[in-house]
Amino acid sequence: MSFHDPAVPHCPFDFADELEFDPSLASLAQRGPVSRIRLPYGEAEAWLVTSFAGVRQVTCDPKFSRAAIVGRDYPRMTPEPIVSPESINVTDPPHATRLRHVAAQAFTRERVAGMRPAVDKVVAGLLTTMAEAGPPADLVTHLSVPLPHLTICELLAVPETDRDHLRRLTMRLLATSPDARQDAADAKADLRAYFAKLVPDRRSTPGEDLLSTMATAPVPAGEAPLSDDELAVLAVTLILSGNDTATCQISNIAYLLLTRPEECAALARDPGRLPGALEELLRFIPFRKGVGIPRIALEDTEIEGTAVSAGDYVHVSYLAANRDPDVFPDPHTLDLERPVHPHMTFGWGGHHCLAAPLARAELDSAVTGLLTRFPDLRLAVAPEDIEWDTGTIRRFPLRLPVLW
């Protein structure tokens with residue numbers, strides 16, 4: 001039985017009021033760059049690092065290991081750990097380097113530029129369907145949910161008949177309710193089994209898709225090629241991350257722009273400002289709740305002046321780092337003219353999201369498509385009447401009714 005210090009705050013991180021910043025996270029960050037916390041699930045307390053400099057240190061220093069959490073009942077937000085033990089998200093160098101080397105070849109700048117026509121085609125098709133359905137229409141149903149999923153399925157060459165099934169599996173895996181644990185574990189196993197069946201075919205008869213690219217990627221001298229199982233887990237990671245971040249961000253960005261009609265109109269008049277505005281929107285939006293995957297300190301060390309012992313769990317908050325006033329002046333203000341500075345929405349260091357260029361391409365295509373196709377787009381309900389997701393680790397409107 002584990003001992004919990006009553007002085008350590010219990011942090012459910014269940015705040016879900018529109019896109020307001022979680023006040024409990026803001027309070028922890030104001031107290032100092034490193035705090036002691038207890039999460040809803042897991043065997044122990046953890047350190048939470050909230051400053052930009054502290055998060056950068058933890059994510060780049062090999063003294064903090066993600067691989068060390070495998071097999072442990074680590075402190076977390078969900079009843080069932082979302083990541084598979086073999087996932088690239090819980091590996092350290094050199095194994096992580098080997099996996100990321102293969103996955104990175106699927107997301108080079110050139111390859112993502114080559115993917116853009118496919119992304120634009122998916123966006124155009126979805127917006128045409130929305131236009132034909134006529135106003136009012138739900139932007140979440142017509143664009144936010146299907147776009148990232150259809151795009152990654154298109155790029156992995158998943159047969160169209162299987163795509164709805166895979167989306168249902170990913171949604172089951174993101175639930176936070178305590179009674180969802182077995183269902184989530186079953187969904188994770190089903191996803192992995194699905195891709196494990198696809199991999200051998202892509203090795204023997206590769207196509208132009210991402211799975212074929214990863215299955216046939218050249219391996220550095222002295223390293224073993226990825227196994228079928230490793231490739232299946234990589235594919236599951238791509239499906240999950242695609243449905244998680246981009247789905248939320250399309251809805252959230254649309255909501256913020258539609259509740260700021262003057263700024264939205266200014267962007268529509270000057271689309272050249274969109275890339276910089278998107279970076280500020282990505283920085284500002286708290287697209288998820290709480291924290292993700294922790295690390296374990298492999299030796300006694302120090303973070304921002306706080307002593308951390310070997311074996312301690314360490315969580316970082318990318319959300320809080322994105323609001324660090326030392327890096328982003330007046331951080332709680334959305335300023336679409338803010339000079340672009342690297343943010344942590346896609347992570348940092350050795351676990352920076354490899355598919356970030358694809359997510360940016362999807363967001364740019366989606367927002368450009370909306371502003372071009374529906375220049376008078378507006379909310380069909382009052383902002384306070386929009387229903388938000390409260391049942392998963394994500395934050396986004398469940399429905400976003402629009403008119404044009």
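F13 counts as buried, because its relative accessibility is 2% (buried means under 20% relative accessible area, exposed over 50%, and partly exposed in between, with a 1.4 Å probe and protein chains only). The residue is found in the segment before α1, where helices (H or I, at least four residues) and strands (E, at least two) are DSSP runs numbered from the N terminus. Although F13 is not a glycine, its phi is positive, at about 45°. The model is predicted, so that local features need pLDDT of at least 70 and side-chain atom pairs count only at pLDDT 80 or more, while totals for chains, interfaces and linings use all residues. Residues are numbered from 1 along each chain as its sequence is written, and side-chain values use heavy atoms, with hydrogens and water left out.

F13 is also among the residues with the most contacts inside the largest nonpolar core, together with F107, L143, L156, F195, M214 and L281. A nonpolar core is a set of buried Ala, Val, Leu, Ile, Met, Phe, Trp, Tyr and Cys residues joined through side-chain atoms within 4.5 Å. This core has 105 residues, and its largest share, 16 residues, comes from helix α10 (residues 228-258). Leaving aside neighbours within four places in sequence, M214 is in contact (heavy atoms within 4.5 Å) with V102, A103, A106, L231, L234 and L238. A second, separate core of 17 residues includes F52, I303, V314 and F328.

L19 likewise lies in the segment before α1 (23-31), and at 6% relative accessibility it counts as buried. The C-alpha atoms of L19 and F287 are 7.9 Å apart in space, although 268 residues separate the two in sequence.

The axes of helix α6 (residues 146-156) and helix α7 (residues 163-173) come within 11 Å and cross at roughly 120°. The two helices are therefore oblique to each other. The contact is made by H149, L150, C153 and E154 of α6 and by R163, L166 and R167 of α7.

P135 and P136 are joined by a cis peptide bond with omega of about -5°, and P136 lies in the loop between α4 (109-133) and β4 (137-138). D330, in the loop between α13 (318-321) and α14 (356-373), has a positive phi near 50° and is a residue other than glycine. At 51% relative accessibility, D330 counts as exposed.

Key
Axes fitted to C-alpha atoms, helices over the stretch in contact; angles between N-to-C directions. Parallel < 35°, antiparallel > 145°, perpendicular 65-115°, else oblique.
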